[in-house]
Amino acid sequence: MLTEKETTSLSKFLSLILRHQPELIDIKLDEQGWVAVDELLQKAGAYGKPISPEALDYIVETNAKKRFAFDDARQKIRASQGHSVGVELGYEPQTPPDVLYHGTGSQSVEAILQTGLEKRSRQQVHLSSDLETAVKVGQRHGKPVVLTVAAGEMCRQGHKFYLSENKVWLTDFVPADFIRTY
């Protein structure tokens with residue numbers, strides 16, 4: 001099937017297209033972030049990044065972070081979260097665990113503790129329910145630091161949380177009062 005290098009390359013390409021720049025290959029995501037699989041495959045090929053249906057299935061099924069999802073009929077595909085383009089993923093508010101985690105680079109900690117966690121270019125702040133994931137995320141940004149978020153208390157005070165298909169917790173903003181270093 002695909003080599004690990006090919007899988008990684010295609011996964012990064014799909015993340016770019018389905019989360020940030022669908023216009024790069026001249027596709028339009030619907031309001032929930034879906035695009036027809038046939039259109040994606042055709043436009044990716046025309047762009048010079050051919051993807052077979054089998055390769056797409058393999059990437060969706062084996063991606064450790066479950067970044068992509070098919071609809072029930074397997075006719076459409078979307079990114080599970082992390083969009084910088086406007087989509088409404090349709091997730092219902094959920095009650096989070098009392099504590100969630102956020103991984104970041106050490107250079108960002110002081111600012112976060114002052115101003116809170118902001119969504120910035122994404123649609124929502126991403127939080128994890130386990131330390132291991134938070135450490136991995138933090139490593140992408142330099143020396144990793146894990147922050148704890150008092151998610152249960154936030155929820156009780158009216159902040160909404162959503163759980164994406166790939167088990168990433170999402171919220172619009174985490175005020176500094178709810179954040180501690182781990």
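Helices (H or I, at least four residues) and strands (E, at least two) are DSSP runs, numbered from the N terminus. By that assignment, Ser 11 is found in helix 1. This is a predicted model, in which local features need pLDDT of at least 70, side-chain atom pairs count only at pLDDT 80 or more, and totals for chains, interfaces and linings use all residues. Residues are numbered from 1 along each chain as its sequence is written, and side-chain values use heavy atoms, with hydrogens and water left out.

**Helix 1**

- Helix 1 covers residues 4–20, 17 residues in total, and spans 23 Å from its first C-alpha to its last. That is close to the expected 24 Å, where the expected span is 1.5 Å times one less than the number of residues.
- Its buried residues are Thr 7, Leu 10, Ser 11, Phe 13, Leu 14, Ser 15, Ile 17, Leu 18 and Arg 19. Buried means under 20% relative accessible area, exposed over 50%, and partly exposed in between (1.4 Å probe, protein chains only).
- An α-helix has 3.6 residues a turn, so residues three or four places apart point the same way.
- The buried residues of helix 1 pack against helix 2 (37–47) and helix 3 (53–62), and also against strand 1 (35–36), strand 2 (68–70), strand 3 (76–79) and strand 6 (125–127).
- Ser 11 counts as buried because its relative accessibility is 8%.
- Leaving aside neighbours within four places in sequence, Ser 11 is in contact with Ile 59, Asn 63 and Phe 68; contact means heavy atoms within 4.5 Å.

- Strand 1 pairs with strand 3 in the antiparallel sense over 2 bridges; two strands pair if DSSP finds at least two bridges between them. Ala 36 has Lys 76 in strand 3 as its bridge partner.
- Strand 2 and strand 3 run antiparallel and are joined by 3 bridges. Here Arg 78 in strand 3 is the bridge partner of Ala 69.
- The hairpin of strand 2 and strand 3 has 5 residues between the strands, and in this hairpin Arg 74 takes a positive phi near 60 degrees.

**The sheet 4-7-11**

- Three strands form an open sheet in the order 4-7-11, with antiparallel pairing. Strand 4 (100–105) and strand 11 (179–181) are the edge strands, each pairing on one side only.
- On average, neighbouring strands of this sheet are turned by 35 degrees against each other, direction ignored. Axes are lines fitted to C-alpha atoms, for helices over the stretch in contact, and angles run from 0 to 180 degrees between N-to-C directions.
- Strand 4 pairs with strand 7 (residues 144–149) in the antiparallel sense over 6 bridges. Val 146 in strand 7 is the bridge partner of Gly 103.
- Helix 5 (residues 131–139) lies across strand 4 and strand 7, running at about 20 degrees to strand 4.
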